[in-house]
Amino acid sequence: MVTSQGTASVSFPFPSVWGIHSSIAGRTIIWGTLSIHSIIDNRVVGTVNFRGRPIPINGFWNENTKQIAFDSPYATFSGNLTIIDDQQSGIRHFILQGRFLMKPPSLQAGESGSWIATTDIALNQFPVSGNAYTGQLPPVGAFLTSNILHQHQNFGGRTRAILFL
């Protein structure tokens, strides 16, 4: 079973809030939250919040390849979805990870890096059919972004940006 809205079927729940972490050359540049408000006819609409103010994003979701691509006014993101079921803890981890390219008017225009975003739910809340998930351990970034997400939820939506230069 997948979430369906319009003609799109999606392997993860939405609306949803994800913890997001991005880095350039292996160095953390920023932490925040990614909100996916809707996916209608494969079009993604939401916000990314790195410094306390939501920035709109728009993009596309491809259910067959589990790929996402979206733009903010400052960067272009692309990535893939991995779903990991942790039977011991009863949690399903949704992990989006990929690459981004900074664009004007950002001071870092032209630089690229990697990003990872995660959200999780109880295993019984959102069943996924077929081979969309794996039993492997999540990457370390999944735990870091999960902490970001839970801090965001515990502090009423206020996030703190951490920028390492």
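Ile95 lies in strand S9, where strands are DSSP runs of E of at least two residues, numbered from the N terminus. The model is predicted, with local features requiring pLDDT of at least 70 and side-chain atom pairs counted only at pLDDT 80 or more, whereas totals for chains, interfaces and linings use all residues. Residues are numbered from 1 along each chain as its sequence is written, and side-chain values use heavy atoms, with hydrogens and water left out. Ile95 has a relative accessible area of 0% and is therefore buried (under 20% relative accessible area, with a 1.4 Å probe and protein chains only). The C-alpha atoms of Ile95 and Asp120 are separated by 8.6 Å in space, with the two residues 25 apart in sequence.

The largest nonpolar core comprises 30 residues; such a core is a set of buried Ala, Val, Leu, Ile, Met, Phe, Trp, Tyr and Cys residues joined through side-chain atoms within 4.5 Å. The members that touch the most others are Phe12, Trp18, Leu34, Ile36, Trp61, Leu96 and Trp115. Among the elements giving two or more residues to this core are strand S4 (27–40), strand S9 (91–102) and strand S10 (112–122). S4 supplies the largest share, five residues.

Ser11 is placed in the loop between strand S2 (8–10) and strand S3 (16–24). Ser11 counts as buried because its relative accessibility is 1%. The Ser11 side chain forms a polar contact with the side chain of Glu63 at 2.3 Å (a pair of N or O atoms within 3.5 Å; within protein, one must be able to donate a hydrogen and the other to accept it, and residues adjacent in sequence count only if both atoms are side-chain atoms). A polar contact of 3.3 Å also links the side chains of Ser11 and Lys66.

Conventions:
Helices (H or I, at least four residues) and strands (E, at least two) are DSSP runs, numbered from the N terminus. Buried means under 20% relative accessible area, exposed over 50%, partly exposed in between (1.4 Å probe, protein chains only).
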